Amino acid sequence: MPAEAPALAPQFSTAEQQRSASVLGMWVFLATEVLLFGSVVTAFLATRVFYPHDFERAAGRLNVLIGGVNTLVLLASSLAMALAVHGAQTGHRRAMLVCLGATALLGLAFLGLKGYEYFADWRDGLVPRTARFDPGEVNPDRLALFMAFYFVLTGFHAVHLSIGVGLVGWLAARTARGAYPRAGATVTEVIGLYWHFVDVVWIFLLPLLYLSGHHAPADLHF
Amino acid sequence: MTERTIPPATSVLAFAGLVVLTLGTVSLSFLRMGPAGHLAVGLVIGAAKAAIVALVFMHLIRSPARVWLAAGLGLFWLGILITLTMTDYLARPEASF
């Protein structure tokens, strides 16, 4: 047993049992997160049943360039996180720190792009109840309904991502100060599971919100 | 102590697959497929991407049965929610997809 292995809590008989309990606990928590996002997604799908063409046109108004770029950013952050977990499990603290830093930076990049996208949505007349709201050929009430789902779903997601960035930053700080060389493998793995889950949520938000409508390549803009 | 980790090369390969699927799904949205078509294609590709993230990045492939159970139960619950809700709404006369 390496010297930096975490202390064994009294309810566990082996370190491996403690580790796998932590991992299982996070998976159970992620199942509850599925409840949260799943219910809003179900409401969205049920509503869409009544206005498929309006929702399709509304989806076509969203900025798929930023949405697509953000998807790639988040996928890259998941790769960085997976490599950080590997670094933690093999005891390579430096590699782990570099990868945690990359994860956090990519997460912040996503949030920055998202914030800019919200501004661009307002500028392009997609935010209901603002002076610039411009439904175009979509029924205004139904566009407003679609945009409400968009803001709630992406807003919930952004909050979860922010929490993830905080967790990764905390882990990086503690690792840099020497607290977690190989002992941090379980903590890193558990935070990694959370991070990948946030990525999976976005993987579904992209087709639900952006890609459920037709986009023209000529309409791609920042 | 299970130090069986996912090798970095596997993670990079998974990432490459995810990028390809993302570029593919966005490109497909440039076609005209109708509301149902867009949603179906997008969700199928999304499910494939989520499976890659879950199996490789989240280590499901290396995980014991109890972890598969926890993950599966969450998905199963969501399946019930979506299926029973949608069968209600889709059966209404004013509904369409």
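Reader: By the pairing rule, how many aromatic pairs are there over all chains?

Author: Rings of Phe, Tyr and Trp (its six-membered ring) pair if their centres lie within 6.5 Å; planes under 30 degrees apart are stacked, over 60 edge-to-face, the rest tilted. This is a predicted model, where local features need pLDDT of at least 70, side-chain atom pairs count only at pLDDT 80 or more, and totals for chains, interfaces and linings use all residues. Residues are numbered from 1 along each chain as its sequence is written, chains are lettered from A in the order in which they are written, and side-chain values use heavy atoms, with hydrogens and water left out. Over all chains, the count comes to 18 aromatic pairs.

Reader: Which kind of aromatic pair do Phe110(A) and Trp202(A) form?

Author: The centres are 5.0 Å apart. The planes stand at 85°. That makes the pair of Phe110(A) and Trp202(A) edge-to-face.

Reader: How many residues apart in sequence are the parts that this pair ties together?

Author: Helices are DSSP runs (H or I, at least four residues), numbered from the N terminus. Phe110(A) lies in helix H4 (residues 93-123) of chain A and Trp202(A) in helix H6 (residues 185-210) of chain A, so the parts tied together are 92 residues apart in sequence.

Reader: Are Phe110(A) and Trp202(A) buried or exposed?

Author: Buried means under 20% relative accessible area, exposed over 50%, and partly exposed in between, with a 1.4 Å probe and protein chains only. By that rule, both Phe110(A) and Trp202(A) are buried.

Reader: Which residue lies over the face of Trp122(A)?

Author: A charge sits over a ring if NZ of Lys or CZ of Arg is within 6 Å of the ring centre and within 35 degrees of the ring normal. In chain B, Arg92(B) lies over the face of Tyr89(B), at 4.4 Å from the ring centre. For Trp122(A), at 4.7 Å from the ring centre, the residue is Arg132(A).

Reader: What volume does the largest pocket have?

Author: On a 1 Å grid over the protein atoms alone, a pocket is an open set of points with protein on both sides within 12 Å along at least five of seven lines, whereas a cavity is a set where a 1.4 Å probe fits but cannot get out. Points are joined across faces, edges and corners, and a volume is the space filled by probe spheres set on them. For the largest pocket the volume is about 940 Å³.

Reader: Which helix gives the most to the lining of the largest pocket?

Author: Lining residues have an atom within 4 Å of a point. The largest pocket has 34 of them, and Val200(A), Phe204(A), Ala50(B), Leu75(B) and Leu78(B) lie nearest its centre. H1 (15-48) and H6 of chain A, with H2 (34-57) and H3 (65-90) of chain B, each supply at least two. With ten residues, the top contributor is H3(B).

Reader: How many cavities of 30 Å³ or more does the structure hold?

Author: The largest cavity has about 60 Å³ of space. The second largest cavity has about 40 Å³. The number of cavities of 30 Å³ or more is two.

Reader: Which helix gives the most to the lining of the largest cavity?

Author: Residues of both chains line the largest cavity, including Trp27(A), Glu189(A) and His59(B). H1, helix H3 (64-89) and H6 of chain A each give two or more residues. With four residues, the helix that gives the most is H6(A).

Reader: Which helix gives the most to the lining of the second largest cavity?

Author: Leu211(A), Thr25(B) and His38(B) are among the residues of this lining. Helix H1 (8-28) and H2 of chain B each supply at least two. With three residues, the answer is H2(B).
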